[in-house]
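Welcome! Please take a moment to look over the sequence and the model, and then follow along through its parts.

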Protein chains: 2
Amino acid sequence: MSSLNKNQSIGIDIGGTNISIGAVDKFGGIIEQWSLKMKDCPTIEIFQNKIEECIGDYVRKHKAEILGIGVGAPNGNFYSGTIDFAPNLPWKGQIPLSFILSKQFDRRVVLTNDANAAAIGEMIYGAAKGMKDFVMITLGTGVGSGFVANGELIYGHDGFAGELGHTTAIRDGRPCNCGKKGCLETYTSATGIVRTVHEFLARDNSPSSLRDIETITSKDIHNAALKGDALALEIFDYTGKILGQSLADAVAITSPKAFILFGGLAGAKEFIFEPTIRHMEANLLQIWKGKIRVIPSELKESDAAVLGASALAWER
Amino acid sequence: MSSLNKNQSIGIDIGGTNISIGAVDKFGGIIEQWSLKMKDCPTIEIFQNKIEECIGDYVRKHKAEILGIGVGAPNGNFYSGTIDFAPNLPWKGQIPLSFILSKQFDRRVVLTNDANAAAIGEMIYGAAKGMKDFVMITLGTGVGSGFVANGELIYGHDGFAGELGHTTAIRDGRPCNCGKKGCLETYTSATGIVRTVHEFLARDNSPSSLRDIETITSKDIHNAALKGDALALEIFDYTGKILGQSLADAVAITSPKAFILFGGLAGAKEFIFEPTIRHMEANLLQIWKGKIRVIPSELKESDAAVLGASALAWER
């Protein structure tokens, strides 16, 4: 190992489906990488055993060089280092993950919201380089967000800020895992858009290749749209409408230079970006029309949150 | 004048109805105060003449002691020093007010959104003393807001952040002065609640003392509620519902410790606070229930923005 990347930190990105782990140098180079399925980690104890298997030896081997561990997790709290009542994780209640991992690996652990971690990754290494005001939106199993203003992440008074996915998109709309109704993530997450497919398929008998798929995923909808399936295109328009309306409201609050879309649904590219931008524009105040960018992440899907989480460990 | 308050700044609060002006010392003491009606200032030239009459002599007399002028105005832009397309002011287009006033008075001028100025006033002298994360909401002719996160005002990438009044409260709802539909301020401003009165009076023939008033103001609705008028109470509940729902969504974004309500409608006290808090609570994620305060301003109605605007002049 060259002296340049001798100092490393470990970044851990915990998602509802996947857990990505990386050993990262100061320049954002990922030196080693591991991946786990959340379904294989039904309890924290099993998660601890699994990461012991993949990173335990690595951390011990590079003892002096590993400066810290950064974690991005849904409902991750920057101030308390806990994951609190995350509706999309199998780990229920309040999990003192910083404490658990710092004991396990004898390293300082910094934890935040997964979308906040991705925002830091994007700000230091990706599409938000040089921006002081932007919003990271993760369209994955749920919808996460990280708001950056004046060059700093907004953590809020309690460390829980940035839950755009749980603002109300449609009053008394779809039931959400969080217990509320009509949350943005019930429409514009990878799982939300699948709910839209079922809703639209139930609505009438219009032909669509989506009728022939047993277990539909957001990738199937993208594939159908690529082949010109009218229902798939309508579904993206509807999803972009709901997302664009929410982005317009978010602009009115923090006036970001850009939204950076990230995660499974963002992979549908123009099918989701075009209607999102069109409907956002239609709902912006005059002063913002044509001024706010909606752009894709410039980091590899699995890397943004890992890089951001690892950067947390450098920062503090 | 004692040496303690020798250093002064001028704070100017520009509202849709009133313009308040104060000479303020470093301790928030208002040394002299002036007031103008916006209807007497139909153009910027007339406004310049009017303030020349009230503060021109004062500024010349205290030449050395007046360190600067701070202005809070609807659609005021911190970065450019301009008022841009303010729908509730008679001054149309883009007004380079900082430039105009700095030429007129030969003083440095700092300008921002009127609600941002009020937020600074509240943070330094009022209910938000010591808070690093809070939101100021002004319920006046329109609905303004100033978001403070990490101890700093969120200006956004272009200086226009903090327009909660123009987030959508009801999709395809009431037409707003801004050209959009269903904006929060068409329901929860002093003028919005009067629209609700007319809507509810048109709905049926239920008895209400409000039927006997020729030109209803928000003060009349408060008076009727004080006397137990059922329709007035229903109107406050409806208004608090819409405001509370919006506050819950704002919590999900910046997680403030408190909302500080200010302006005409906040004067209705428990009639507006109780339903606002109740409906906000009903729409909060579990993690925030019972944790976010909604409190009144601790500064005199006319003082918060004047004090905040004057503090702007100290700061930079």
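In chain B, helix 5 (residues 190-203) packs with helix 7 (residues 230-254) at an angle of about 125 degrees, their axes lying 10 Å apart. Helices here are DSSP runs of H or I with at least four residues, strands are runs of E with at least two, and both are numbered from the N terminus. Axes are lines fitted to C-alpha atoms, for helices over the stretch in contact, and angles run from 0 to 180 degrees between N-to-C directions. Helix 5 of chain B and helix 7 of chain B are therefore oblique to each other; angles under 35 degrees count as roughly parallel, over 145 as roughly antiparallel, 65 to 115 as roughly perpendicular and the rest as oblique.

Before going on, please note that this is a predicted model, in which local features need pLDDT of at least 70 and side-chain atom pairs count only at pLDDT 80 or more, while totals for chains, interfaces and linings use all residues. Residues are numbered from 1 along each chain as its sequence is written, chains are lettered from A and ligands numbered from 1 in the order in which they are written, and side-chain values use heavy atoms, leaving out hydrogens and water.

Which residues meet where helix 5 of chain B touches helix 7 of chain B? Among them are B:Ile193, B:Val197 and B:Phe200 from helix 5 of chain B, and B:Leu231, B:Ile235 and B:Phe236 from helix 7 of chain B. Contact means heavy atoms within 4.5 Å.

Helix 7 of chain B also packs with helix 6 (residues 218-226) of chain B, at an angle of about 120 degrees and with the axes 7 Å apart. That makes helix 6 of chain B oblique to helix 7 of chain B. Here B:Ile221, B:His222, B:Ala224 and B:Ala225 in helix 6 of chain B meet B:Ala232, B:Leu233, B:Ile235 and B:Phe236 in helix 7 of chain B.

Now turn to the sheet. Five strands of chain B form an open sheet in the order 10-9-8-11-12, with mixed pairing; two strands pair if DSSP finds at least two bridges between them. Strand 10 (152-153) and strand 12 (293-296) of chain B are the edge strands, each pairing on one side only. Strand 11 (residues 258-262) of chain B pairs with strand 12 of chain B in the parallel sense, over four bridges.

Finally, step back to both chains.
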